[in-house]
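Trainee: I would like to learn how to read a model feature by feature. Could we go through one together?

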Amino acid sequence: MADFTELQLQMAALDELTRDAYVEEVLVIPMDGAAAMDWKRMASRGGEDWVYAVRGSKTLAVDRPSHLAHRNPVEGVVFSPLHSQLVGWWLFHAWRSVDLLKTGIESSSSGTTSVAAVTSRALLEELGCLVTELGLIRKAWETAKLPDVDTVRRAELLGGDLVPLMTRLLFASRMSSKPANAPSATNVLTYISKLDKLSKSSKFSDWYDWLSDASHPAFGARLVYVTNPLRHASGSTALRLHSRSPLRLVDPTGDQVNFTYDIEDRAGAALETCGLLLVEHLYAALRLVDDFGLTTSASAMTQRTYWRNLLPVQPTEACPCKCGPWAQSLHAWRTEVPSSPLITT
Ligand SMILES: [Zn+2]
């Protein structure tokens, strides 16, 4: 029987951390030369404060820049918009995880297995998606953080790698009605295969197979309300007991008979394992988002205020991301990127 005590505590802490979080996501849409010139004139006439940077034949522009962004326009149009997207990306995963974990724990604890199965299946997909996206973002961040180049070149590296990646992750869809040029989302089975591969087991795909059948009106869904067959000694009949909730029979002496419910067992096991892995990966992902923000000083380049707009501190002070003393932190160019946890079952 799965034990959700630890998961309940972790979920509550995550809920507390993110309940009031907020970010205004800025997406930079490159303008061609004529449009940029027109906008510059209009913005100037209207007294609006914008920062501009030219990349190739396009101009990038962002409003509400700080003095620092005006002094460093190439970085200003890349670092703070990217950080706002990363914070928004992380919050999506955190809020969705809290919602699913809350419902998963409640439904599993109350014996509402039909809901528990659907929720655990969604948690498997969520974990696979987070693990995959975290790996992609980590790699793109490494590409800009590790080399020995100036910050203008780093902004260009991010513009060529992390910027298109974030656009793809934030807008990818599998809807048949999506525009032809819109990015396609990864198939969920790819996510599940990745979890199997990383854990060197077939546990995730086994859970996913059973819980998918239970999430659709198929054999697995029917198993939710019925015991496994009890075969008569003669072999001539088999008995299945239908009930609203899982049966726990107690005889007059107090001995308990628990029937086996395949879906309930798998929904509970998947919830406990995936839930704890999900929380662990969320904190790893937040370390990466904070590392980006603190290494680039992204929040110092905008007048916008938002959740996790952390700024570098004096060497003797504690790092605002709580990784330890600032002097020993890794929030500096050419230092390693925070690591990702292992997948174990
Ligand atoms: Zn830190």
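Trainee: Which residues coordinate the zinc ion, and through which atoms?

Mentor: Bear in mind that this is a predicted model. The zinc ion is held by Cys319, Cys321 and Cys323, each through SG, and by His331 through NE2, at 2.1 to 2.3 Å. Along the chain, these donors follow the spacing C-x1-C-x1-C-x7-H.

Trainee: What is the geometry of the site of the zinc ion?

Mentor: For four tetrahedral donors, the ideal angle at a metal is 109.5 degrees. Here the angles among the four donor atoms run from 107 to 113 degrees, and the site is tetrahedral.

Trainee: Is histidine 331 buried or exposed?

Mentor: A residue counts as buried when its relative accessible area is under 20%. Histidine 331 is buried because its value is 9%, whereas cysteine 323, with a relative accessible area of 43%, is partly exposed.

Trainee: What is the strand order in the open sheet of three strands?

Mentor: The order is β1-β3-β2, and the pairing is antiparallel. The edge strands, each pairing on one side only, are β1 (31-32) and β2 (50-55). Between β1 and β3, the latter spanning residues 58-63, there are two bridges, and methionine 31 stands opposite threonine 59 in β3.

Trainee: Which residues does valine 250 touch, leaving aside those up to four places away in sequence?

Mentor: Valine 250, which lies in strand β6 (residues 248-250), touches Asp255 and Gln256 once those sequence neighbours are set aside.

Technical notes:
Residues numbered from 1 in each chain as written. Predicted model: local features only at pLDDT ≥ 70, side-chain atom pairs only at ≥ 80, totals over all residues. Heavy atoms only, no water. Pairing = 2+ DSSP bridges. Helix = DSSP H or I, 4+ residues; strand = E, 2+ residues; numbered from the N terminus. Contact = heavy atoms within 4.5 Å. Donors = N, O, S within 2.8 Å, 3.2 Å for Na, K, Ca; no water. Tetrahedral: all angles 85-135°; square planar, octahedral: opposite > 155°, others 65-115°. Buried < 20%, exposed > 50% of the residue type's maximum accessible area, 1.4 Å probe, protein only.
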